[in-house]
Amino acid sequence: MSTTVRDNPAEHRYEIHDDGRLAGFAVYELADGSISFTHTETLPEFGGRGLAGQLVAEALDDARRRNLAVLPYCPYVRKVIARDTDTYLDLVPEKDRARFGLPSAETA
């Protein structure tokens, strides 16, 4: 099986496809140099395979490549960032971390 993640700007979401079939998505809004992730969903028939984690990691990696600040309104995106602060915490502006329940740079 092959999985691919791609940005679908027309739908304002990153999508993960499994063998060409839509398996999940992470919805976002772009504004002034930032990307706000609002919802992540894996379709039921694709659950339990780690696809949501792969989707969010690749979306966050793309945000880094695009020099976008990340605002993780989606609880799952926050969970991925909190689980791997060494890799992703710096994407969330220091001034916004407390409101998302994320550690500051000094405590991470």
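User: What covers the buried residues of helix 2?

Analyst: In this predicted model, the cover over the buried residues of helix 2 includes strand 4, helix 1, strand 5 and helix 3 (85–88).

User: Which residues are buried in helix 2?

Analyst: Val77, Val80 and Ile81 are buried there. Seen down the helix axis, the buried residues of helix 2 fall within an arc of 95°, so they line one face of the helix.

User: Why would residues three or four places apart point the same way?

Analyst: An α-helix has 3.6 residues a turn, so residues at that spacing point the same way.

User: And what exposed residues does the face turned away from the buried side of helix 2 carry?

Analyst: That face carries Pro75 and Arg83, which are exposed.

User: Back to Ile81. What does Ile81 touch?

Analyst: Leaving aside residues up to four places away in sequence, Ile81 touches Leu60, Val70, Pro72, Tyr88, Leu89, Val92 and Leu102.

User: How many residues does the largest nonpolar core have, and which have the most contacts inside it?

Analyst: The largest nonpolar core has 31 residues. Those with the most contacts inside this core are Ile35, Phe37, Leu60, Val70 and Ile81.

User: Which elements give two or more residues to this core?

Analyst: They are strand 2 (13–18), strand 3 (21–31), strand 4 (34–42), helix 1 (51–65), strand 5 (69–72) and helix 2 (75–83). The largest share of the core comes from helix 1, which gives seven residues.

User: New topic: how many aromatic pairs are there?

Analyst: The count comes to three aromatic pairs. One of them is formed by Tyr14 and Tyr28, a tilted pair with 5.3 Å centre to centre and 50° between the planes.

User: Where in the chain do Tyr14 and Tyr28 sit?

Analyst: Tyr14 is in strand 2 and Tyr28 is in strand 3, 14 residues apart, and the pair links distant parts of the chain.

User: Are these two buried or exposed?

Analyst: Tyr14 counts as buried at 2% relative accessibility, and Tyr28 counts as buried at 3%. The cut-off for buried is under 20% relative accessible area.

User: What about the rings of Tyr14 and Phe37?

Analyst: Their centres are 6.2 Å apart and their planes are at 35°, so this pair is tilted. Tyr14 in strand 2 and Phe37 in strand 4 are 23 residues apart, and this pair also links distant parts of the chain. Both Tyr14 and Phe37 are buried.

User: Which residues do ring pairs link into a cluster?

Analyst: The cluster is made of Tyr14, Tyr28 and Phe37.

User: Last one: where does Arg13 lie?

Analyst: Arg13 lies over the face of Phe25, at 4.5 Å from the ring centre.

How values were computed: Residues numbered from 1 in each chain as written. Predicted model: local features only at pLDDT ≥ 70, side-chain atom pairs only at ≥ 80, totals over all residues. Heavy atoms only, no water. Core = buried A, V, L, I, M, F, W, Y, C linked by side-chain atoms within 4.5 Å. Buried < 20%, exposed > 50% of the residue type's maximum accessible area, 1.4 Å probe, protein only. Helix = DSSP H or I, 4+ residues; strand = E, 2+ residues; numbered from the N terminus. Contact = heavy atoms within 4.5 Å. Phe/Tyr/Trp six-rings, centres within 6.5 Å; stacked < 30°, edge-to-face > 60°. Lys NZ or Arg CZ within 6 Å of the ring centre and 35° of its normal. Arc of directions from axis to C-beta.
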